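I opened the notebook to look up a few local features. Entries follow in the order I checked them.

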Amino acid sequence: MPNPLVRTPASLLGPLNEVEERFAPSQMFLVGDLGLLTQGRRVAIVGSRRASETGLKRAARLARILAEQSVIVVSGLAEGIDTAGHRAAIAARGRTIAVLGTPVDRCYPPGNASLQDEIGARHLLVSQFPVGQPVQKQNFILRNRTMALLSDASVIVEAGESSGSLSQGWEALRLGRPLFLMRSVVENPDLEWPQEMLDHGARVLAEPEELFDGLPPERNREPADAPF
Amino acid sequence: MLLSDLEFGSFLCYSPHGQDERAQESRAWVERIKGEHGCGQARLPASVFVARRLSERLAETELHTLLTPETVLVPAPRSTLQRPGSLWVPALLANALVLQGLGREVVPCLKRTRALRKSAAVPAAERPSAREHFDSLEVTDFGFSGRDIVIVDDVITRGAMLLGAASRLALILPGIRIRGFALVRTLSDPEQFRNMFAPCLGHVRLLEDGQTRRRP
């Protein structure tokens with residue numbers, strides 16, 4: 001693994017507003033194509049590590065459709081939904097970003113080491129944790145906040161009441177970014193969190209194509225002047 | 001009890017449906033404003049950028065009658081519930097207006113007690129009515145000495161939100177002048193859209209069927 005480049009979020013995303021600043025990492029360690037954070041639109045696909053077969057298929061289909069429309073697929077390299085999203089984006093010849101809960105020289109889960117290598121070589125790895133820093137459980141919550149910051153929109157494909165993906169959902173809502181919940185999640189009578197998120201502004205995603213209407217324009221494509 | 005009429009002003013307009021370059025540009029600007037993105041060469045926060053532009057062009061408009069140094073600004077709440085620390089564009093905009101001398105203070109006293117359908121996510125006929133806005137809002141911690149309140153929102157379409165919110169405030173503040181300001185006015189008919197700079201003063205009226213009509 002090559003030495004990571006070190007950048008601030010604002011140096012890649014443009015100036016952050018005060019709400020974005022609050023939980024933004026002070027620096028990010030990056031391996032791969034930094035252009036994936038300065039151009040294009042990014043959508044995070046997140047969900048359970050122990051996902052159902054149907055959930056994995058939904059994540060893969062969504063990632064493929066996004067990749068076919070040149071949308072960059074962002075996820076966290078975890079087992080389950082994350083892995084399905086990354087792999088489907090790559091298979092569709094799209095681009096993907098893995099936002100890690102470990103430093104870039106470590107891999108969790110270990111079984112995704114080759115996928116992490118591939119993303120670092122051809123796409124982009126992002127970590128807010130310097131090489132050598134011990135991996136702690138709280139890293140993954142911090143990582144989820146960063147993933148929400150780096151993404152123009154987030155989609156929760158499948159998640160239980162205690163899933164770490166929920167922290168990303170709440171952060172997306174706090175940032176005022178579109179948060180989509182797969183319809184199958186919303187219709188699951190065993191879950192309470194989807195209705196709570198809907199009450200706070202999340203939207204139901206019935207078909208992947210509906211995402212494109214909710215995506216904001218590229219934030220780095222700001223005109224120099226305004227027509228007013 | 002809903003007000004039957006509300007005075008409002010707006011600075012800009014945008015076209016949600018137009019296909020020409022100007023219409024598309026207007027939509028991109030609305031997204032920047034709603035996302036509080038960096039704007040202009042200095043990449044100022046959108047709320048600060050547009051408040052400065054409004055201040056610079058105030059003399060070309062009649063908005064100086066609405067946004068005075070004595071006006072108390074009340075940010076419009078979101079249509080959904082909101083956790084503390086979340087992006088709240090009308091509040092940022094109100095703060096930026098005060099910094100430009102276009103208001104005396106910001107009093108965030110309107111709170112949503114239950115979520116409504118997001119207007120952008122439902123067909124026009126299903127958008128929340130003024131009554132629904134009124135019923136889902138409460139006034140909290142209101143204490144001020146002014147005689148003039150303006151409710152500040154980012155975008156106005158039919159004006160149901162502003163009319164419902166003004167009606168809620170009027171209930172506990174009889175005799176106080178309450179008006180509305182929305183930074184951007186929606187022009188649903190693409191043929192009507194010419195330019196984003198379209199300052200106006202106008203009215204939101206309550207119709208017999210409970211819907212609202214904004215003019216212009």
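Entry 1: I looked up Glu36(B) and found it buried, at 4% relative accessible area. For the record, buried means under 20% relative accessible area, exposed over 50%, and partly exposed in between, with a 1.4 Å probe and protein chains only. Glu36(B) sits in the loop between helix H1 (21-35) and strand E2 (38-39) of chain B. Helices (H or I, at least four residues) and strands (E, at least two) are DSSP runs, numbered from the N terminus. The phi of Glu36(B) is near 50°, a positive value in a residue other than glycine.

This is a predicted model: local features need pLDDT of at least 70, side-chain atom pairs count only at pLDDT 80 or more, and totals for chains, interfaces and linings use all residues. Residues are numbered from 1 along each chain as its sequence is written, chains are lettered from A and ligands numbered from 1 in the order in which they are written, and side-chain values use heavy atoms, with hydrogens and water left out.

I noted Arg93(A) next. Its phi is near 60°, again positive in a residue other than glycine. Arg93(A) belongs to the loop between H5 and E5 of chain A. Arg93(A) counts as exposed because its relative accessible area is 79%. Most residues other than glycine have a negative phi, and most peptide bonds are trans.

I then listed cis peptide bonds. One runs from Tyr108(A) to Pro109(A), with omega near 0°. Pro109(A) lies in the loop between E5 and helix H6 (113-122) of chain A. Another joins Arg215(B) and Pro216(B), with omega about -5°. Pro216(B) is in the segment after strand E11 (212-215) of chain B.

**Entry 2: salt bridges.** How many salt bridges does the structure hold over all chains? I recorded 17. A salt bridge here is a side-chain nitrogen of Lys or Arg within 4 Å of a carboxyl oxygen of Asp or Glu.

I took Asp148(B) and Arg179(B) in chain B; their side chains meet at 3.1 Å, N to O. Asp148(B) is in strand E8 (residues 148-156) and Arg179(B) in strand E9 (residues 177-186), so the pair ties together parts 31 residues apart in sequence. Asp148(B) is buried at 14% relative accessibility. Arg179(B) is buried too, at 4%.

I moved to Arg117(B) and Glu132(B), whose closest N and O atoms are 3.2 Å apart in a salt bridge. Arg117(B) lies in the loop between strand E6 (110-112) and helix H4 (130-135) of chain B, and Glu132(B) in helix H4 of chain B, 15 residues apart. Arg117(B) is partly exposed at 34%. Glu132(B) is partly exposed at 23%.

In chain A I checked Glu207(A) and Arg61(A), which form a salt bridge at 3.5 Å, N to O. This pair links distant parts of the chain, 146 residues apart: Glu207(A) in the loop between strand E9 (203-205) and helix H11 (211-214), Arg61(A) in helix H4 (residues 53-68). Glu207(A) is partly exposed at 36%, and Arg61(A) at 37%.

I also logged a network of salt bridges that links Asp225(A), Arg53(B) and Glu56(B).

**Entry 3: the second largest pocket.** I found about 550 Å³ of space in the second largest pocket. Its lining has 20 residues, the closest to the centre being Arg49(A), Ser162(A), Ser163(A), Gly164(A) and Ser165(A). A pocket, on a 1 Å grid over the protein atoms alone, is an open set of points where a 1.4 Å probe fits, with protein on both sides within 12 Å along at least five of seven lines; lining residues have an atom within 4 Å of a point. Volume is the space filled by probe spheres set on the points, which are joined across faces, edges and corners.

Which element gives the largest share of the lining? H7(A) does, with 5 residues. Strand E3 (42-47), helix H7 (139-150) and helix H8 (165-175) of chain A each supply at least two. I sorted the lining into 6 nonpolar, 9 polar and 5 charged residues. In that count Ala, Val, Leu, Ile, Met, Phe, Trp, Tyr, Cys and Pro are nonpolar, Asp, Glu, Lys and Arg charged, and the others, Gly among them, polar.
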